[in-house]
Amino acid sequence: MRIGISLPVRELKSDLGAIREFATVADELGFAHLRVPDQVIRPKSGPLHEPLTLLAWAAAFTRKIELVPSVIVLPSRQTALFAKQAAEIDVLSGGRLRVGVGVGGSREEYAALGEDYSRRGKRCDEQIELLRALFGESIVDFSGEFDRIEGFGLDPLPVQSRIPIWIGPGGGIMKEKTREPLLRRIGRLAEGWFAIVPIPEVAPLQSRICEYAREAGREIDSIGFEGGVGMAAKTTDEWLGRLRDWREAGASHACLRTLDGGLDAVEQISLMKESHQILASEGISLT
């Protein structure tokens with residue numbers, strides 16, 4: 001199980017020195033990946049930097065850590081432009097990008113960006129297919145319901161011809177109306193998914209995902225999932241137990257979180273360092 005950490009952007013706000021130090025220390029300690037959330041324009045949700053811009057900056061001063069926007073609200077963005085931005089981060093980082101995408105749940109944000117909220121799921125499916133083509137082919141001919149590209153492509157192409165695309169299903173995966181379309185999307189199109197669900201619910205969801213993957217002719221062992229582990233205001237036994245629960249559930253990835261505990265920058269970084277020491281003493285590898 002690969003263990004990464006979430007960059008606490010809301011808490012660090014515009015303290016760029018603290019953001020840089022947190023990312024640099026995470027990289028030096030050997031954490032597998034660095035996750036940042038997405039938001040373009042939304043009221044009262046706290047300060048969030050635009051994730052692609054932030055990760056392009058972080059690519060310049062990190063060396064090994066995987067960079068993970070999780071998750072980009074894909075249907076609210078232009079597909080070709082997003083593909084260009086993602087490919088550029090992959091180039092700047094030497095192939096360290098893993099893209100998280102989802103459909104979001106804010107009608108207001110979609111309206112502000114001039115996009116159609118009601119058809120976001122269908123558009124997301126098509127966008128992922130187009131992203132695959134743009135990341136892997138120098139000349140693309142694609143005619144879909146939402147996007148059309150004829151004889152164009154990205155230059156430079158990303159380092160990874162198949163940038164990993166993971167899906168963040170959000171709370172919709174636990175709702176009867178939206179569950180199956182989300183599971184189908186993961187099974188057909190994604191390398192993995194962010195499991196923000198109770199751990200006992202993961203096995204049946206993963207089973208359905210693998211069924212959809214088989215229907216699409218994919219290898220069922222190719223789909224990973226990532227669990228979250230909050231550490232702030234938790235005892236070591238509590239968060240370490242949670243991490244072990246995700247490992248027992250078969251998670252391919254886990255993400256530690258220092259956020260949501262009212263910690264300042266120094267305390268956030270100290271908690272990250274402490275977690276690294278504890279994992280090392282328990283013989284738990286980060287990668």
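Is Arg98 buried or exposed? In this predicted model, Arg98 is buried, because its relative accessible area is 1% and the cut-off for burial is under 20%. The residue belongs to the loop that runs between helix H4 (79-93) and strand E5 (99-102). The side chain of Arg98 makes a polar contact of 3.0 Å with the side chain of Glu66. The charged end of Arg98 sits over the ring of Trp166, 4.5 Å from the ring centre. Beyond residues up to four places away in sequence, the contacts of Arg98 include His33, Leu67, Val68, Pro69 and Pro164. Phe194, Glu226 and His253 also touch Arg98.

Trp166 leads on to the aromatic pairs. Five such pairs are found in a search of the whole structure. The ring centres of Trp166 and Phe194 are 5.7 Å apart, and the planes stand at 45°. Trp166 lies in strand E8 (residues 165-167), and Phe194 lies in strand E9 (residues 192-194). The two residues are 28 residues apart, and the pair links distant parts of the chain. Trp166 has 4% relative accessibility and counts as buried. Phe194 counts as buried too, at 2%. Elsewhere, ring pairs join Trp193, Phe225 and Trp246 into a cluster. A further charge sits over a ring at Tyr117, where the charged end of Arg120 is 3.8 Å from the ring centre.

His33, one of the contacts of Arg98, is placed in strand E2. With 0% relative accessibility, His33 is buried. Its contacts, leaving out residues up to four places away in sequence, include Arg2, Ile3, Gly4 and Ile5. Ile65, Glu66 and Val68 touch His33 as well. So do Glu226, His253, Ala254 and Cys255. His33 and Ala23 are ten residues apart in sequence, with C-alpha atoms 9.8 Å apart in space.

Helix packing was examined next. Two packed helices are described by the angle between their axes and the distance between the axes. The axes of H2 and helix H10 (residues 265-281) come within 10 Å and cross at roughly 5°. H2 is therefore roughly parallel to H10, as angles under 35 degrees count as such. On the H2 side, the contact is made by Ala18, Glu21, Phe22, Val25, Ala26 and Leu29. On the H10 side, Ala265, Gln268, Ile269, Met272, Lys273 and His276 take part. Helix H6 (residues 120-136) and helix H7 (residues 176-189) have axes 11 Å apart, at an angle of about 10°. These two helices are likewise roughly parallel to each other. Gly121, Lys122, Cys124, Asp125, Ile128, Glu129 and Arg132 of H6 meet Arg185, Arg188 and Leu189 of H7.

Helix H3 (residues 51-61) contributes a set of buried residues: Pro51, Leu52, Leu54, Leu55, Ala58, Ala59 and Phe61. Their cover includes helix H1 (9-12), helix H2 (16-29) and H4. Strands E2 (33-36), E3 (66-69) and E4 (72-73) also belong to that cover. At the start of H3, a side-chain oxygen of Glu50 comes to within 3.1 Å of the backbone nitrogen of Leu52. Leu52 and Glu88 are 36 residues apart in sequence, and their C-alpha atoms are 9.5 Å apart in space. Glu88 is in helix H4. Its relative accessible area is 32%, which means that Glu88 is partly exposed.

Most residues other than glycine have a negative phi, and most peptide bonds are trans. A cis peptide bond joins Ser70 and Val71, with omega about 0°. Val71 lies in the loop between E3 and E4. The peptide bond from Asp155 to Pro156 is also cis, with omega near 10°. Pro156 is in the loop between strand E7 (148-152) and E8. Lys44 is not a glycine, yet its phi is positive, about 60°. Lys44 is placed in the loop between E2 and H3. This residue is exposed, with a relative accessible area of 88%. Asp260 has a positive phi as well, near 65°. Asp260 occupies the loop between strand E11 (253-257) and H10, and with a relative accessible area of 67% Asp260 is exposed.

Notes. Residues numbered from 1 in each chain as written. Predicted model: local features only at pLDDT ≥ 70, side-chain atom pairs only at ≥ 80, totals over all residues. Heavy atoms only, no water. Phe/Tyr/Trp six-rings, centres within 6.5 Å; stacked < 30°, edge-to-face > 60°. Helix = DSSP H or I, 4+ residues; strand = E, 2+ residues; numbered from the N terminus. Buried < 20%, exposed > 50% of the residue type's maximum accessible area, 1.4 Å probe, protein only. Lys NZ or Arg CZ within 6 Å of the ring centre and 35° of its normal. Polar contact = N/O pair within 3.5 Å; in protein donor to acceptor, adjacent residues only side chain to side chain. Contact = heavy atoms within 4.5 Å. Axes fitted to C-alpha atoms, helices over the stretch in contact; angles between N-to-C directions. Parallel < 35°, antiparallel > 145°, perpendicular 65-115°, else oblique.
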